[in-house]
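Hello,

Here is the structure I said I would pass on. My notes on it follow below.

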Amino acid sequence: MSSTIVITGAGQRIGLALANDLYQQGFQVIVSYRTEREGVRQLRSLGVTCIQADFSSQVGIETFIAQVKQKVTNLRAIIHNASDWAAEKNSHDFGALMQQMIQVHVQGPYQLNLALAPLLQANDGMADIIHFTDYVAEKGSQKHIAYAASKAALANLTLSFSAKLAPKVKVNSIAPALLMFNQGDDEAYKKKALAKSLMGLTPGEQEAVAAVTYLLQSQYITGRTIHLDGGRHLV
């Protein structure tokens, strides 16, 4: 049986690109998705196992864990990509907003890592956990305060789990800044956003795919963060 990789939040963008790439590499892939999208239907048609799971609820986390355990007895990797980019300006309940961000970005990965660690340790060879954090985890964000704080907490989980699960399981983070624009972003916004980095470009999903491949192939990197920010920290 091929090695199995779990990817959370794989219905679009980076998660979808990762699922497609790893499937093409020959891995069995299990993904979570919150909303039915064309990308999910494409993955399903390939033979990827697609499990609907909303990590903003405890039931969603527990149900996904149970379904993964029913399907496999070992895992090559868990890639935590599920995310919710909510802003304070759109909320009237800041307590609920913070709870939501922590639930998705911290509780989900924390509980999945603990529950599925035996499956990673049962893998024939080294296994991996990869957390997708964010550039703002170190810098903060005036417009997405709760989001940035929760991503910083996720980055801290990388340190704890890398120490807890070594040497069998490597645990690392990938912290992207702007990799691609959203549909509907206007030219003024694009120009302003591109000026925030030294490289002045949007490299696309494949930059994240390449970083994941690098970490999976490494035998030595753990407890570290790969920063995909185009030198933004120097601007």
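Leaving aside its neighbours within four places in sequence, which residues is Gln103 in contact with? They are Phe55, Ser56, Ser57, Gln58, Ile61 and Gly108. Please keep in mind that this is a predicted model. Gln103 sits in helix 4, which spans residues 94-121. Its relative accessible area is 12%, and under 20% counts as buried, so Gln103 is a buried residue.

Helix 1 covers residues 13-24 and helix 8 covers residues 205-217; their axes are 9 Å apart and the packing angle is about 50°. The two helices are therefore oblique to each other. The crossing of helix 1 with helix 8 is right-handed. On the helix 1 side the residues involved are Arg13, Ile14, Ala17, Leu18, Asp21 and Leu22. They meet Glu205, Gln206, Ala208, Val209, Val212, Thr213 and Leu216 of helix 8. Sorted by class, this contact of helix 1 with helix 8 comprises eight nonpolar, two polar and three charged residues.

Arg13 belongs to helix 1. With a relative accessible area of 33%, Arg13 is partly exposed.

Helix 1 also packs against helix 2. Here the angle is about 15° and the axes are 10 Å apart. Angles under 35 degrees count as roughly parallel, so helix 1 is roughly parallel to helix 2. Their crossing is left-handed. Helix 1 contributes Leu16, Ala19, Asn20 and Tyr23 to the contact, and helix 2 contributes Gly39, Leu43 and Leu46. By class, the contact of helix 1 with helix 2 has five nonpolar, two polar and no charged residues.

Which residues of helix 2 are buried? In this helix, residues 38-46, they are Gly39, Val40 and Leu43. These residues lie on the same side of helix 2, because they cover an arc of only 100° around the axis. As background, an α-helix has 3.6 residues a turn, so residues three or four places apart point the same way. The cover over the buried residues of helix 2 includes helix 1, strand 2 (28-33) and strand 3 (49-52). Just after helix 2 comes Gly47, with a positive phi of about 110°.

Is Asp134 buried or exposed? Its relative accessibility is 16%, so Asp134 counts as buried. Leaving aside its neighbours within four places in sequence, Asp134 is in contact with Tyr147, Lys151, Ala175 and Pro176. From Asp134 to Ser32 the C-alpha to C-alpha distance is 20 Å, and the two are 102 residues apart in sequence.

The other is Pro167, in the loop between helix 6 (145-165) and strand 6 (169-176). The peptide bond joining Ala166 and Pro167 is cis, with omega about 0°.

Regards

Conventions. Residues are numbered from 1 along each chain as its sequence is written. This is a predicted model: local features need pLDDT of at least 70, side-chain atom pairs count only at pLDDT 80 or more; totals for chains, interfaces and linings use all residues. Side-chain values use heavy atoms; hydrogens and water are left out. Axes are lines fitted to C-alpha atoms, for helices over the stretch in contact, and angles run from 0 to 180 degrees between N-to-C directions. Helices (H or I, at least four residues) and strands (E, at least two) are DSSP runs, numbered from the N terminus. Angles under 35 degrees count as roughly parallel, over 145 as roughly antiparallel, 65 to 115 as roughly perpendicular and the rest as oblique. A crossing is left-handed if the near helix is turned anticlockwise from the far one by less than a right angle, and right-handed if clockwise. Contact means heavy atoms within 4.5 Å. Ala, Val, Leu, Ile, Met, Phe, Trp, Tyr, Cys and Pro count as nonpolar, Asp, Glu, Lys and Arg as charged, and the others, Gly among them, as polar. Buried means under 20% relative accessible area, exposed over 50%, partly exposed in between (1.4 Å probe, protein chains only). The arc is that of the directions from the helix axis to the C-beta atoms.
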